[in-house]
Amino acid sequence: MSAPAGVIHILGAGAFGSALATTFREGGAPVALHGRGAAPERAEGDILLAAVPAGATAGVLAALPPGPPVPLVLCAKGLTPEGLALQSQVAAGHAGPLAALTGPGFAADLARGLPTALTLACAGTAAAQALQRRLSTRALRLYLTDDIIGAQLGGALKNVFAIACGAAIGAGLGDSARAALMTRGFAEMTRLGTALGGRRETFSGLSGLGDLSLTCNSPLSRNFALGHALGRGAAPDAVTQEGRPTAAAALSLARRGGVEVPIITAVAQLLSREITVREAMAQLLARPLTTESKGMT
Ligand SMILES: NC(=O)c1ccc[n+]([C@@H]2O[C@H](COP(=O)([O-])OP(=O)(O)OC[C@H]3O[C@@H](n4cnc5c(N)ncnc54)[C@H](O)[C@@H]3O)[C@@H](O)[C@H]2O)c1
Ligand SMILES: O=P(O)(O)OC[C@H](O)CO
C-alpha cells in the first residue's frame, strides 16, 4: 500500500488561495487553507503554497514554526522594492525545494473548474516532477520549467503592461494602441528579463506571453482594471495592486542594468502622478524611430 499523500497547506485565504484550495480538493488532495495569522505545523510529505500578495510573503514565511524541509511553492506575482526583488529571493532561506507557480490563470476561472494551464518553475527534476504530479488536476495542467527566475519575472512584469493596456483602453486610445503596448511590452519584458537572468524562451511561454495576453485583454485582471480606472481619470493612489510596487522595482532594476524600458518608465511615471495617460502615450510615440529587425541600421 502506498503512503497517504501529505497535506497541501495554502497560506493566504484570498481569491487565489481559495481558488487553489477548491481546485486541489476537487482533485482529491487533502488541503488546509490558512488565513491571516495562521502558522501551520507541517509533516513530511506536506507541501506549502504561499498565496499572499508579494509584499506579504516574507512576513508570512518568517511566522512559520520550524518544521521538516517540505517544498514551498510561491504563487505571488510581483517584485518587492526592498532589494529582494523576486519571491524566490525573499524565500531563499527556505530549507526545502523551492518552486514558483505562475502563468495565465484567474482565480475566478480556477474556482469554477475552468480549464487552465500554468507554469511550475522548479530547479531539480525529481522535486519538480513530484510537485507537478501532486498539483495537477483534470482542469489544471502544469508545465514544468527550471527557469525559476524567468518564470517569476514574466508573471511580475506583465502586471505593469496590463496597467498600460488598461490605461490606453480606459482613455479611449483604441485597440491598436493596446496591441502596440502588448507587443512592445513583450519586447521590453524579454529585454529586461534576460538581462536579469531569465531565459529568452521562458518569456514566450505561459508565464510570459501567456499571462501578458490574458491580463492585457481582460477586465477581470485587477491590474488592467487599475489602468482602466486611471485612463478614465481616477487618481493613481485610489487603487493599489501589485503592478504599482512592481513598476517601481522594475524601473530601478532596469536603470541599474542599463536596460531601456520605455513602457515601464511611463507606467511608473503615471502611477507617481508625474504624467497623464495621454502624456505617457505621447512620450512613447515621440521616441526616436527605430527598427524591429536585429542588425538593421
Ligand atoms: N486573483 C488571481 O486571479 C490571481 C491569479 C494568480 C496569481 N495571483 C497572485 O496571488 C497573490 C494573492 O492574490 P489574491 O488574488 O489571492 O489576493 P487577495 O487580496 O484576494 O488575497 C490576499 C490574501 O492574503 C492575505 N494577506 C494580505 N496581506 C497579508 C499579510 N501581511 N499577512 C498575512 N496575510 C496577508 C489577505 O488577508 C488575503 O487573504 C498575488 O500575488 C497575485 O498576483 C492571483
Ligand atoms: O488580477 P491580476 O491583474 O492580478 O491578474 C491575475 C493573474 O495574475 C492572471 O494570471
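Visitor: Which domains does the domain assignment of the chain give?

Guide: The model is a predicted one. The assignment gives domain 1 as 8–146 and domain 2 as 149–296. Their C-alpha centres lie 25 Å apart.

Visitor: How do you know that domain 1 and domain 2 are in contact?

Guide: Contact requires heavy atoms within 4.5 Å. On that rule, domain 1 contributes 26 residues and domain 2 contributes 25 residues.

Visitor: What area is buried between domain 1 and domain 2?

Guide: Interface size is often quoted as the accessible area lost when the parts come together. Here the figure is about 1900 Å². Carbon and sulfur atoms give 68% of that area. On the domain 1 side, Lys 77, Leu 79 and Phe 106 lose the most area to domain 2. Together these three make up 37% of what that side buries.

Visitor: Why is the pair Asp 146 and Arg 199 called a salt bridge?

Guide: The cut-off is 4 Å, from a side-chain nitrogen of Lys or Arg to a carboxyl oxygen of Asp or Glu. Asp 146 and Arg 199 meet at 2.8 Å, N to O, so the pair qualifies. Between domain 1 and domain 2 the count is two salt bridges. Eight residue pairs are in polar contact across that interface, with both residues at pLDDT 80 or more.

Visitor: Now the ligands. What makes Ala 15 a polar contact of ligand 1?

Guide: The limit for a pair of N or O atoms is 3.5 Å. A polar backbone atom of Ala 15 is 2.9 Å from an oxygen atom of ligand 1, so the pair counts.

Visitor: How many residues surround ligand 1, and of which classes are they?

Guide: There are 18 residues around ligand 1. The closest are Ala 15, Phe 16, Ala 107, Arg 222 and Glu 242. By class, the shell has twelve nonpolar, two polar and four charged residues.

Visitor: Which residues surround ligand 2?

Guide: Among them are Lys 77, Gly 105, Phe 106, Lys 158, Asp 211 and Arg 222.

Visitor: Why is Asp 211 called a polar contact of ligand 2?

Guide: A side-chain N or O atom of Asp 211 is 2.6 Å from an oxygen atom of ligand 2; the limit is 3.5 Å, so the pair is within the rule. A polar side-chain atom of Lys 158 lies 2.8 Å from a ligand 2 oxygen. Gly 105 uses a backbone N or O atom, at 3.1 Å. The protein covers 92% of the 310 Å² of accessible area that ligand 2 has on its own.

Note on methods
Residues are numbered from 1 along each chain as its sequence is written. Chains are lettered from A and ligands numbered from 1 in the order in which they are written. This is a predicted model: local features need pLDDT of at least 70, side-chain atom pairs count only at pLDDT 80 or more; totals for chains, interfaces and linings use all residues. Side-chain values use heavy atoms; hydrogens and water are left out. A residue is near a molecule or strand if one of its heavy atoms lies within 4 Å of it. A polar contact is a pair of N or O atoms within 3.5 Å; within protein, one must be able to donate a hydrogen and the other to accept it, and residues adjacent in sequence count only if both atoms are side-chain atoms. Ala, Val, Leu, Ile, Met, Phe, Trp, Tyr, Cys and Pro count as nonpolar, Asp, Glu, Lys and Arg as charged, and the others, Gly among them, as polar. Domain bounds come from an automatic or database domain assignment. Buried area is the accessible area (1.4 Å probe) that two parts lose on being put together, summed over both. Accessible areas come from the Shrake-Rupley method with a 1.4 Å probe; for residues, only the protein chains shown count as cover.
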